[in-house]
Amino acid sequence: MRQRRRLRQALGSRPGRRLRLLVLCFGNICRSPFAAELLRARLAEVRPDIEVASAGFLAVEGRRSPDTAVARAAELGVDLSSHRSRYARDAEVAEADAVLIFDGANLGEYDRRGLPGRDRVVAFGAFCDPPGEIEDPYGGDDATFRATYQRIAHAVDAIVAALRPAR
């Protein structure tokens, strides 16, 4: 519940202001681009004031998503074929209104780099049922990617519901 409240506070409606949601993982080729694309699509109707981006802690830009990631994402309506990895620069992280991460290793890297705004970091897995970390599927088979992306999709639905404006 604390993570949900933190996300709602960070991305509460602010008339006239675009809000930034940054989705971070390690390499920005599997989890974060899939989650960001799905969030962008599903938030478009209910919260067009939220801009969604993804990046990674690995300082290598321009990497493609693995073929398995592209194929499993397509099953859920997400096109990763043109995605290229981006490095999470400190300024981009600092400017984000909220940051979604997937696991303890992501949080550890956030802390190791001394990035600001730790109070705006939210665990993506807090929106899963059951709650828990969302492991990196990199190097995994079709079943691993399918299970990871389905878990992310369910969390995205919960995130969108949490951010839906009160009627």
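Which residue caps the N-terminal end of H5? Asp 103 does so, with a side-chain oxygen 3.1 Å from the backbone nitrogen of Ala 105; a polar contact is a pair of N or O atoms within 3.5 Å, in which, within protein, one must be able to donate a hydrogen and the other to accept it, and residues adjacent in sequence count only if both atoms are side-chain atoms. The model is predicted, and local features need pLDDT of at least 70, side-chain atom pairs count only at pLDDT 80 or more, and totals for chains, interfaces and linings use all residues. Residues are numbered from 1 along each chain as its sequence is written, and side-chain values use heavy atoms, with hydrogens and water left out.

**View 1. Helix H5 and its buried side.** Helices (H or I, at least four residues) and strands (E, at least two) are DSSP runs numbered from the N terminus. Asn 106, Glu 109 and Tyr 110 of H5 are buried, where buried means under 20% relative accessible area, exposed over 50% and partly exposed in between (1.4 Å probe, protein chains only). Because they cover an arc of only 105° around the axis, these residues are on the same side of H5, the arc being that of the directions from the helix axis to the C-beta atoms. An α-helix has 3.6 residues a turn, so residues three or four places apart point the same way. The buried residues of H5 pack against strand S1 (19–25), H2, helix H4 (90–95), strand S3 (98–101) and S4, with contact meaning heavy atoms within 4.5 Å. On the face turned away from the buried side are the exposed residues Ala 105 and Arg 112. Gly 114, which follows H5, has a positive phi near 65°.

**View 2. Leu 115 in the loop between H5 and S4.** Leu 115 counts as buried, at 8% relative accessibility. Leaving aside neighbours within four places in sequence, Leu 115 is in contact with Phe 57, Asp 90, Val 93 and Tyr 110. Although Leu 115 and Asp 90 are 25 residues apart along the chain, their C-alpha atoms are separated by 6.5 Å.

**View 3. Helix H3 and its packing partners.** In helix H3 (residues 67–75), the buried residues are Ala 69, Arg 72 and Ala 73. Because they cover an arc of only 100° around the axis, they are on the same side of H3. Their packing partners are helix H2 (31–46) and helix H6 (142–163). Just after H3, Gly 77 takes a positive phi of about 80°.

**View 4. Ala 153 in helix H6.** Ala 153 is buried, with a relative accessible area of 10%. Apart from neighbours within four places in sequence, Ala 153 is in contact with Phe 34, Leu 38 and Arg 42.

**View 5. His 83 in the loop between H3 and H4.** His 83 counts as buried, at 15% relative accessibility. A polar atom of the His 83 side chain lies 2.7 Å from the backbone oxygen of Asn 28. Not counting residues up to four places away in sequence, His 83 touches Asn 28, Ile 29, Pro 33, Ser 54, Arg 63, Arg 64 and Ser 65.
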